Amino acid sequence: MNRKIFKARNIQQAIANIKEELGSDAMILSTRKIPQKPLDPYAKTMFEVEAAMPQCQDKKPAKDHSIESLKEDIADIKDMISIAGFGNGMHNMVCNHFESVGILASLLRAGVSERTASAIIQKASGLMDETAGQGEKIKSLKKYVMHQCLNQIATKDFFNRDNSSGVPHVAAFVGPTGVGKTTTIAKLAANLSFQRKMKVGLISIDNYRVGAFEQLKAYASIMGLLCVPAFSRQDLSCALDRMKSMDMVLIDTAGHSHFDKHRIDEILQLIKADFRISAHLVLSVTSESIIMKDAASAFSVFNPDTVVFTKIDETKRCGKILDQVSDFKLPVSLIANGQRVPEDLIVPDKRQLLKIILGKGQ
Ligand SMILES: Nc1nc2c(ncn2[C@@H]2O[C@H](COP(=O)(O)OP(=O)(O)OP(=O)(O)O)[C@@H](O)[C@H]2O)c(=O)[nH]1
Ligand SMILES: [Mg+2]
C-alpha cells in the first residue's frame with residue numbers, strides 16, 4: 001500500500017495537508033501524538049497522521065491493524081472531524097489533552113457548549129495521572145468528566161413533600177410563552193393526585209391569553225380537581241383560602257417574552273406579594289441556548305426554587321441543559337418529554353438527568 005506520513009501542529013492542519021496532497025478520498029490509517037523534538041521531553045507536541053491514496057489500498061486489511069483497532073481509529077477520526085468545525089479553543093484543547101478527543105466530541109455532539117465542555121475537561125484533566133498509558137488515561141478522563149458533570153447538576157423532587165405543616169405548598173410556574181407551563185402543571189397534578197395520593201388544587205392567574213383558564217380547567221375537570229381563576233391579589237387570596245385543606249396548589253401563569261419586563265413584573269407583584277409561593281422556571285430545550293439564558297435571567301426576579309425543562313423529545317441536543325444549570329445553579333425538578341398528559345413527565349435524579357443531557361436516555 002502506498003502510504004505517506006504527514007506531520008502537523010494540529011489534526012486539522014494534518015487533515016488539510018492530506019486532502020491537498022492525496023485528495024479528499026484519502027484514507028487515514030493511523031494517528032499519533034509525537035514530541036516536536038524527540039530528545040526534548042518539554043518540547044511541544046505534533047500530530048503524525050498516516051494516510052494512503054484510495055487506488056493504492058490493498059484489498060485485504062493491513063496486517064498490523066485488527067478490525068477492532070481499525071474501528072477505534074475510525075471512531076477517533078469521526079470525533080476529530082466533529083471537533084474540526086469548532087473554534088480554536090477546541091483545537092488547543094485536543095492538542096493539549098489528546099486523550100480528550102472522544103469525550104469532548106460526545107459532549108459537543110450532545111449540544112453542550114464549547115465553553116462548558118472545555119471547562120469540564122480542563123478540570124477533569126487536572127485530576128488525571130499524567131504517567132498513565134493512553135488507554136488508561138482515556139478511561140480515567142471519562143470517569144472524571146462524568147464526576148465533573150454530576151458536580152454541576154442538582155435535582156430536587158420539590159413536589160414530594162409531607163404535609164406535616166398542615167398548610168398547602170403553593171407552587172407557581174413561570175416562563176416564556178408556549179414553553180409548556182400549563183401542560184406540565186396538568187401532568188404534575190395528575191402525578192401528585194393519582195400516584196402520590198395528594199390533594200391538589202389548581203389556580204390560573206393567566207388573564208392575558210384568551211382561553212388560558214379554560215385550558216387548565218379542562219384538564220382539572222378530567223381529573224376531578226378544583227380549579228379557579230384569580231386575576232387580582234384579592235382573588236388569589238380568596239382562592240388560596242378555598243384551597244387551604246389541599247396538600248399542594250399549582251398556579252399557572254401567563255407566558256411572556258423575556259423582553260416584556262412590565263408584564264413579568266405584573267405577575268411578580270401578584271404572586272410574590274404576601275403569599276408563600278415558590279416559583280418554578282419553565283424553559284423549553286427547543287429554544288436557542290442564548291434565548292434560554294436571557295429568559296432565565298429575566299425570570300430570575302422570581303428567585304425560582306427549581307427549573308423545569310420541557311420538549312426534550314423535540315431535540316437530540318439536550319446538552320444545553322448543562323450550560324443552563326452550570327450558569328444559573330438551579331436544581332432541576334421536572335423534565336417534560338412529550339405532549340401526552342400525564343405520561344410525558346420525568347422526575348429525574350442526578351444520574352437520569354446526566355443521561356438525558358448526554359443524549360443517552362429519555
Ligand atoms: N413535544 C412537546 N410538546 C410539548 C411539551 N410540553 C408542552 N408541549 C406542547 O407545547 C404547546 C404549548 O403548551 P402550553 O402548555 O400551552 O404552553 P404554555 O407555556 O402554557 O403557553 P402560554 O400559556 O401560552 O405561555 C402545546 O401544544 C403542548 O402540547 C413537551 O414536553 N414536548
Ligand atoms: Mg399556559
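Which residue in strand 10 is the bridge partner of Phe-309? The tour below comes to that pair after a few words on the model.

This is a predicted model, in which local features need pLDDT of at least 70 and side-chain atom pairs count only at pLDDT 80 or more, while totals for chains, interfaces and linings use all residues. Residues are numbered from 1 along each chain as its sequence is written, and chains are lettered from A and ligands numbered from 1 in the order in which they are written.

Select strand 9 (residues 306-310) and strand 10 (residues 332-336), which pair in the parallel sense over three bridges; strands here are DSSP runs of E with at least two residues, helices are runs of H or I with at least four, both numbered from the N terminus, and two strands pair if DSSP finds at least two bridges between them. The partner of Phe-309 is Ile-335 in strand 10. Now widen the selection to the open sheet of eight strands, which has mixed pairing and the order 6-5-7-4-8-9-10-11. Its edge strands, each pairing on one side only, are strand 6 (226-229) and strand 11 (345-346).

In the loop between strand 10 and strand 11, select Pro-342, where the peptide bond from Val-341 is cis, with omega near 5°.

**Ligand 1**

Next, show the residues around ligand 1, of which there are 21, with Gly-180, Thr-182, Thr-183, Gly-255 and Ala-336 coming nearest; a residue is near a molecule if its C-beta atom, placed from the backbone, lies within 6 Å of it. Helix 7 (residues 181-195) supplies three residues, the largest share of this shell. By class the shell has four nonpolar, 10 polar and seven charged residues, where Ala, Val, Leu, Ile, Met, Phe, Trp, Tyr, Cys and Pro count as nonpolar, Asp, Glu, Lys and Arg as charged, and the others, Gly among them, as polar.

From helix 7, move to Lys-197, in the loop between helix 7 and strand 5 (200-204); phi of Lys-197 is near 55°, a positive value in a residue other than glycine.

**Two helix pairs**

Two packed helices are described by the angle between their axes and the distance between the axes. Select helix 11 (residues 289-298) and helix 12 (residues 320-328), whose axes lie 10 Å apart at an angle of about 30°; axes are lines fitted to C-alpha atoms, for helices over the stretch in contact, and angles run from 0 to 180 degrees between N-to-C directions. The two helices, helix 11 and helix 12, are therefore roughly parallel to each other, since angles under 35 degrees count as roughly parallel, over 145 as roughly antiparallel, 65 to 115 as roughly perpendicular and the rest as oblique. The contact of helix 11 with helix 12 has three nonpolar, two polar and four charged residues.

Then select helix 5 (residues 114-126) and helix 6 (residues 134-152), whose axes come within 8 Å and cross at roughly 125°, so that helix 5 and helix 6 are oblique to each other. Their contact has seven nonpolar, two polar and one charged residues.

**Strands 1 to 3**

Finish with strand 3 (residues 45-52), which pairs with strand 1 (residues 3-8) in the antiparallel sense over six bridges; here Lys-7 has Glu-48 of strand 3 as its bridge partner. Strand 2 (residues 27-35) also runs antiparallel to strand 3, joined to it by eight bridges, and Ile-34 stands opposite Met-46 in strand 3.
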